Each structure stands twice: as structure tokens, then as C-alpha cells.
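Student: Please take a close look at one single residue in this model. Then relate the surroundings to the rest of the chain.

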Amino acid sequence: MSHRRILTSLAGLAAAALAVPSFAAAAPTASTPAASSAPTTVSSYTGSPQDEAATKAFYDAVMKSARAKQAKAGNKLAAVTVTYAVDAPSFASQISSSTSIWNSSVSNVHLVEGSNYDFYYTEGNDSRGSYASTDGHGSGYIFLDYAQAEQYDPVRITAHETGHVLGLPDHYSGPCSELMSGGGPGPSCTNPNPDATERAQVNSLWANGFAGFGAKAAFHTSK
Ligand SMILES: [Zn+2]
């Protein structure tokens, strides 16, 4: 599939983007090289300093791609449609559940699986756990980690990472009732639904974002 090729080309960029020392903000020995003592089980779902910046870049890229297609279609009033592809067969049902949750939770953006996608889901083993990333040119992906999905609820993980696509930042200190608290409340938290505040945030982000869309911007729509 075409996004296999994209994934390969993204690997270096993703590695570079995520190469920031993950415990620099929290570890008391942050001023010294972390190579000797840093844990290897870093997880974006449960929290790492670079997650917010990566999420913002991903959101910006997806927003640009989705809006460019909508502008081309001449439809400036309907909800923005964000199209995704699935290269994560183990998580097909969880992705479907996540899509249903989000589409029934918000009105200003709509997720649909299809070709000419804005982002895609993929899966595998990664010591950082699940995360969202981007190539910075209107394309990105959500990586779903096998081991983490055995420890934490996989629908909550999938819906949480999709929340980043829709523009929500992490809030690990929040309660289980918040989707973007991610792994913060621990593995016993299985809530896959955004709360009222998170729903309102997404609706606001996509409504305001679309209003601020400028036609002069150059977009990369070919994939
Ligand atoms: Zn997150």
C-alpha cells in the first residue's frame, strides 16, 4: 500500500523529532547525559516532554490537509472531513470504535476512512508506546503500540491519540473522565470518551480554525 512507502520515508523524520531526551524535564540529573540511566519504556500515552510539540505539529498538518481538500471542493459550511487510512489490522475494531465515539461527540469535524487520506494508523512495537507524529507536510500518522495496548485499554488509547489529530493536548494530571489524561489515571481507566470540555474544545478548534483559513497558503495535497 502507498502509505507503506510513506511510512518508510517518515521513519527518519519521526526518529529525529522524537530524539529529544524524554526525561529532561523530570529527571533530577537532566544536566548530564541520560544514556546510562534513562528508562527504555518511554511512552507518549503516559507522558513525555516532546509530546505536546509533536501533537501541535501533527494537528497543524492534518488541519491544513483537510482544509485544502475542503476548499477545493468549494464546501465552506459543512463540518471539516478528516480522512484516514488504516495500516493497523490488529486495531481495526478499536479504530472503528474511536471514529464512532468522535463522530458522535463533535459536530465541526468528521472522521471518515478512505483514500486520499490526511493521516493513517499504524501499529507495532515501540518502547515509547503509542504516539502521534507528522512529516510536517499535510500528512501524519498514529502509531499504536502492542505492549501498551495490552496494559491499557486499547479503545481509550486509540481515541486519545485521535484526540491529538483533532487538536487536543495531553493533560496527564486529569481524571479518568477526561480522554486526554491518557495513561495518567493508570491502566484501570478504560473510559474512551472525551468529556464535555474536550468536546467543546474540539468544536471550537475546528470552527475557529476553518474561519481563519487563508487561501494564500501553500498546501501539499499530493500523496
Ligand atoms: Zn497523548
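Tutor: Asn-116 is partly exposed, with a relative accessible area of 42%; the term covers values between buried (under 20%) and exposed (over 50%), computed with a 1.4 Å probe on protein chains only. The model is predicted, so local features need pLDDT of at least 70 and side-chain atom pairs count only at pLDDT 80 or more, while totals for chains, interfaces and linings use all residues. Residues are numbered from 1 along each chain as its sequence is written, and side-chain values use heavy atoms, with hydrogens and water left out.

Asn-116 sits in the loop between strand E2 (109–113) and strand E3 (119–124). Helices (H or I, at least four residues) and strands (E, at least two) are DSSP runs, numbered from the N terminus. The C-alpha atom of Asn-116 is separated by 9.9 Å from that of Ser-65, and the two residues are 51 apart along the chain.

In soluble globular proteins, nonpolar side chains tend to be buried together.

Tyr-131 also touches Glu-161, as do Tyr-45, Ser-130, Ala-132 and Ile-142, not counting residues up to four places away in sequence; contact means heavy atoms within 4.5 Å. Glu-161 is in helix H5 and is buried, with a relative accessible area of 0%. An unreviewed UniProt entry places the feature "active site" at Glu-161; such positions are given in the numbering used here, with shortened feature names, and annotations may be inferred rather than shown by experiment.

The zinc ion has His-160 (NE2), His-164 (NE2) and Asp-170 (OD) as its protein donors, lying 2.1 Å from it. Donors are N, O and S atoms within 2.8 Å of the metal (3.2 Å for Na, K and Ca), and sites may look incomplete because water is not among the atoms. Their spacing in sequence is H-x3-H-x5-D, and both His-164 and Asp-170 are buried.
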